[in-house]
Amino acid sequence: MTLRQKIEHEIRERGPIPFSRYMEMCLYDPELGYYSRHAEQFGKAGDFYTSSDVHAVFGRLLVRQFDEMWRMLGSPKQIEIQELGPGRGLFAQDVLDWSQKKFAEFFHALHYSLEESSPALRTRLQATLSRHLGTGRASLGKGTTSIVPNHAQTSRALAPEVPVIVFANEFFDALPVEVLSSQGELRISLRNGRFVETWAPASVEELEFLDRYGVQPETAERVEVPLAAQDYMSRITAAVNCGFIVVIDYGYLREEQLAGRHRGTVTTFHQHAVSGNPYEAPGEHDISAHVNFTALAAAAEHNGIKTQPLLTQSQLLMGIGEKNQFADAFEECRLPQEKAKVALQLKHLVTPAGMGENFHVLVGSKCVDPEMVARLSGLSFGKSRLWQPAAQEG
Ligand SMILES: C[S@@+](CC[C@H](N)C(=O)[O-])C[C@H]1O[C@@H](n2cnc3c(N)ncnc32)[C@H](O)[C@@H]1O
């Protein structure tokens, strides 16, 4: 049975399905979903690049930041980095290798745990990280073939009292969203063997979400309601007793949406090209939606996390790397042409024309004085504040 047939079968059985269910099946059906089927989504031969595909300096700079965070926590004997959706594990590999080489004390305390749901990517992680998994420095969470976010495993590898740094790069944009228009909530139905869009009344929860964190769609407009991301953030931050969260993704603040941007952000990627039609080839294309950082920060704050003003990736990396002129990037370069190539890769990660301005960074902490946290090197370039955390809502 193809994935299209599987989805058609579900629609015949259940009636029109919510867009979030359609997206979930396309990405995470246990056998046929885009992420479950194979591990070739990333890099030049795949459909998209993430920062770790560009250069190891992304992970290396983050190690500097993690080491600072660990010191800020009082250099505890143990610290866990819990990475959500590590994909094929390049970031984890860069962090583990670089901390072993350059930050021995931090490495000694570190346990790196990986929460990856895709069976194919879990196999890839086992190969990429075999050395660190073998020594017990890293561990792979149990994972789940049922990717319904409510069933996702978010258990800690170490005891709950061990401080943790939760890290997620391009994770929340890959979680299923609901789509709303002035006609209601989007459902996917079948007509003459084709997927067609129909609309059902929006739920109270969805409408409340938009009142608090988004905008109500105007005629002919669509907006997303990322309830699965909210749920995931709530559960992951509820399990943090002491530590940090670092979330990097493309996304927006409510203010930007009020100003008319980021409305209808569901995007389909295939071989590095954007296609607007998620129904074309279910399971063959990546589907994602921009992250609502106002909502995500509120979910974290609700669980006692103090969030810092949102940064751009550019500000974060400039803040960490500027002090030593980004020496972490050039460590292995011997020839001038090697240096020139790495300089271009670094530029891609940092500059507005590359990934620097589209990607935003949410940093939060629990049991650490937020004023101290604001002095982390990665936050030092965040002078042009994009956003101040909203007062806690009831
Ligand atoms: C866009 S990829 C990002 C991969 C990686 N972070 C990077 O930057 O290259 C999203 C990843 O999240 C994983 N994922 C999605 N939902 C998940 C869940 N509930 N639990 C664990 N992993 C999940 C996917 O399988 C995929 O590997």
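Let us begin with strand β11, residues 267-270, which pairs with β13 in the antiparallel sense over 3 bridges. Within that pairing, Thr267 stands opposite Ser288 of β13. Please keep in mind throughout that what we are looking at is a predicted model.

Strand β11 belongs to an open sheet of 3 strands, and the order is β12-β11-β13 with antiparallel pairing. Which strands lie at the edges of this sheet? They are β12, residues 273-275, and β13, residues 286-288, and each of them pairs on one side only. On average, neighbouring strands here are turned by 35° against each other, if direction is ignored. As background for those new to the subject, the strands of a sheet pair through backbone hydrogen bonds, and the pairing is either parallel or antiparallel.

Strand β6 consists of residues 178-181, runs antiparallel to β7 and is joined to β7 by 2 bridges. Ser181 has Gly184 of β7 as its bridge partner.

How many bridges join β7 to β8? There are 7, and the two strands run antiparallel, with β8 made of residues 194-200. One of the bridge pairs places Glu185 with Ala200 of β8.

Let us move on to the helices. Two packed helices are described by the angle between their axes and by the distance between those axes.

Helix α5, residues 57-72, packs with helix α6, residues 90-102, at an angle of about 55°, and their axes are 8 Å apart. Are these two helices parallel, perpendicular or oblique to each other? Given that angle, α5 and α6 are therefore oblique to each other. Their crossing is right-handed. On the α5 side, the contact is made by Gly59, Arg60, Leu62 and Val63, while α6 contributes Phe91, Asp94, Val95, Trp98 and Ser99. Sorted by class, this contact of α5 with α6 has 5 nonpolar, 2 polar and 2 charged residues.

Helix α5 packs with helix α14, residues 313-321, as well; here the angle is about 70° and the axes are 10 Å apart. The helices α5 and α14 are therefore roughly perpendicular to each other. Leu61, Arg64 and Gln65 of α5 meet Leu317, Ile320 and Gly321 of α14 in this contact. By class, the contact of α5 with α14 comprises 3 nonpolar residues, 2 polar and 1 charged.

The contact involves Ala229, Gln230, Met233, Ser234 and Thr237 from α11, together with Ala295, Leu296, Ala299, Ala300 and His302 from α13. How do the residues of the contact of α11 with α13 divide by class? There are 6 nonpolar and 4 polar residues, and no charged ones.

Finally, a word on confidence. For the protein chain the mean pLDDT is 91, and 94% of the residues reach 70 or more. Over residues 390-394, however, the pLDDT is below 50, and this stretch has 4 contacts in the model beyond near neighbours in sequence. Where pLDDT is low, the predicted coordinates should not be read in detail.

Definitions and conventions. Residues are numbered from 1 along each chain as its sequence is written. This is a predicted model: local features need pLDDT of at least 70, side-chain atom pairs count only at pLDDT 80 or more; totals for chains, interfaces and linings use all residues. Axes are lines fitted to C-alpha atoms, for helices over the stretch in contact, and angles run from 0 to 180 degrees between N-to-C directions. Helices (H or I, at least four residues) and strands (E, at least two) are DSSP runs, numbered from the N terminus. Angles under 35 degrees count as roughly parallel, over 145 as roughly antiparallel, 65 to 115 as roughly perpendicular and the rest as oblique. A crossing is left-handed if the near helix is turned anticlockwise from the far one by less than a right angle, and right-handed if clockwise. Two residues are in contact if their C-beta atoms, placed from the backbone, lie within 7 Å. Ala, Val, Leu, Ile, Met, Phe, Trp, Tyr, Cys and Pro count as nonpolar, Asp, Glu, Lys and Arg as charged, and the others, Gly among them, as polar. pLDDT is the predictor's confidence in each residue, from 0 to 100. Two strands pair if DSSP finds at least two bridges between them.
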